[in-house]
2 protein chains.
Amino acid sequence: MKELEDRIVQDGKVKPGGILKVDSFLNHQIDPQLLYSMAMELKRLYEGCGVNKILTVEASGIAIAAMAGYVFSCPLVFAKKSKTKNISDAVWTAEVESFTHGGSNTLIVSKEYLGPGDRVLIVDDFLATGAALYGLKSICEQAGAEIVGAGIEIEKVFQGGGNRLRAEGMRIESLAKISSMADNGLEFEK
Amino acid sequence: MKELEDRIVQDGKVKPGGILKVDSFLNHQIDPQLLYSMAMELKRLYEGCGVNKILTVEASGIAIAAMAGYVFSCPLVFAKKSKTKNISDAVWTAEVESFTHGGSNTLIVSKEYLGPGDRVLIVDDFLATGAALYGLKSICEQAGAEIVGAGIEIEKVFQGGGNRLRAEGMRIESLAKISSMADNGLEFEK
């Protein structure tokens, strides 16, 4: 999606350790017109797929999930993160490792809000190692919900998570796919 | 706002300890059409006030902030929560106590995204003791940003935070104001 790629080139910052900072327009300060354009592009890509639920994980996935829910006219659900493993049996859970922060979290979704009959589009701001996406996939499988696919704002292709999940059969549409990243610039996979 | 009050009566659940569960439509699963209606109502209430930034705190405030940013056509910023107090000097911070979870958090906003010239509408899903709102107010004051007002989805008036902040001069518009809450029902303040 050219609008997003151009914005990443213009306002993104590459930091040591493979961190791309896009917090001026995507995940601390957010440009809602760009958010709307991205949601509409996901709608175009998944038109006719019968998506009836958007699923993401707190916190920074919530913005694109809210806008996607709006343009798809369906509810969104965000998985909560917890450090504790002492969870009630009224929820689906999955353990995930955090790439950015280290350590592990438990993702939690109430059983009331995900189940058979749901055709789920998973959305998130970043896809790198795929940890969050594997966690959300596991939750959908436990719930008996069908995953239509994933819609990602920025995929760091060189970290491998996206292509591993594609090889396992998941449809993943990433609006910007970064194939390499160095202090002196970014390259996008076309 | 009648649409929200009706939905709270229909789908909300009162739990022991003054907890109102609205997680089927507001803060775990979210109805994006209701979100849009609420954002439009905030736009109507703050029409002509020159709002040029929406401010909230992660996680559950992000959904209404995203939609408010969209209908106000201005960026949104969400404060991040951290348990650590060891923060860089490139950020504004405020300490807040958590009503729901206990303990305290540090709210963090990058200095790049809030400053003089910003006319801020603070939005959040809940207002109870006002802890989060006091924290965001402090961050705006440190930044030299002007607070136009606050837009809240649900205010639990009987917990006092909203009226204390109003007495100190903040304009607060709450889309549903709950004056009392018991196992057998809710009352709204008109």
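# Close-up views of a two-chain model

**View 1. Strand S9 of chain B is mostly covered by its surroundings.** In strand S9 (residues 146-156) of chain B, 8 of the 11 residues are buried. This is a predicted model, and the views below should be read with that in mind. Strand S8 (residues 119-127) of chain B runs parallel to S9(B), and 8 bridges join the two. To find a place where they meet, look for Ile122(B), whose bridge partner in S9(B) is Ala150(B).

**View 2. Strand S5 of chain A pairs with strands of its own chain.** Is strand S5 (residues 76-82) of chain A mostly covered or mostly uncovered? S5(A) is mostly covered, with 5 of its 7 residues buried. Strand S4 (residues 53-57) of chain A runs parallel to S5(A), and 4 bridges hold the pairing. Within this pairing, Thr56(A) faces Phe78(A) of S5(A) as its opposite residue. Lys81(A) has Leu107(A) in S7(A) as its bridge partner.

**View 3. Strands pair across the two chains.** S5(A) takes part here too: 2 bridges join S5(A) to S3(B), and these strands run antiparallel. Look for Leu76(A), which stands opposite Ile30(B) in S3(B). There is also a pairing between strand S3 (residues 29-30) of chain A and S5(B), antiparallel and over 2 bridges. In that pairing, Gln29(A) has Val77(B) of S5(B) opposite it.

**View 4. A helix of chain A crosses a helix of chain B.** Two packed helices are described by the angle between their axes and the distance between the axes. Helix H3 (residues 61-72) of chain A and helix H2 (residues 32-45) of chain B have axes that come within 8 Å and cross at roughly 105°. H3(A) and H2(B) are therefore roughly perpendicular to each other. Which residues meet where H3(A) and H2(B) touch? From H3(A) come Ala66(A), Gly69(A) and Tyr70(A), and from H2(B) come Pro32(B), Leu35(B) and Tyr36(B). Sorted by class, this contact has 5 nonpolar residues, 1 polar residue and no charged ones.

**View 5. The contact between the chains draws on both of them.** How many residues does the contact take from each chain? Chain B gives 24 residues and chain A gives 24 residues. On the side of chain B that touches chain A, the elements giving two or more residues are strand S3 (29-30), H2, helix H3 (61-72) and strand S5 (76-82) of chain B. H3(B) gives the most to this side, with 6 residues. By class, the residues of this side of chain B are 15 nonpolar, 5 polar and 4 charged.

**View 6. Ser110 of chain A meets residues of both chains.** Ser110(A) is found in strand S7 of chain A. Ser110(A) has 17 other C-beta atoms within 10 Å, so it is partly exposed. Neighbours within four places in sequence aside, Ser110(A) is in contact with Ala90(A) and Val91(A), and with Asp23(B) and His28(B). Lys80(A) is 30 residues from Ser110(A) in sequence, and their C-alpha atoms are 9.3 Å apart in space.

**View 7. Gly149 of chain A sits in strand S9.** Gly149(A) is found in strand S9 (residues 146-156) of chain A. Is Gly149(A) buried or partly exposed? Gly149(A) is partly exposed, because it has 18 other C-beta atoms within 10 Å, whereas a buried residue would need 20 or more. Setting aside neighbours within four places in sequence, Gly149(A) is in contact with Tyr46(A), Leu121(A), Met170(A), Arg171(A), Ile172(A) and Glu173(A). Tyr134(A) lies 15 residues from Gly149(A) in sequence and 12 Å from it in space, C-alpha to C-alpha.

Methods
Residues are numbered from 1 along each chain as its sequence is written. Chains are lettered from A and ligands numbered from 1 in the order in which they are written. This is a predicted model: local features need pLDDT of at least 70, side-chain atom pairs count only at pLDDT 80 or more; totals for chains, interfaces and linings use all residues. Axes are lines fitted to C-alpha atoms, for helices over the stretch in contact, and angles run from 0 to 180 degrees between N-to-C directions. Angles under 35 degrees count as roughly parallel, over 145 as roughly antiparallel, 65 to 115 as roughly perpendicular and the rest as oblique. Two residues are in contact if their C-beta atoms, placed from the backbone, lie within 7 Å. Ala, Val, Leu, Ile, Met, Phe, Trp, Tyr, Cys and Pro count as nonpolar, Asp, Glu, Lys and Arg as charged, and the others, Gly among them, as polar. Two strands pair if DSSP finds at least two bridges between them. A residue is buried if 20 or more other C-beta atoms lie within 10 Å of its own, exposed if 12 or fewer, and partly exposed in between; C-beta atoms are placed from the backbone.
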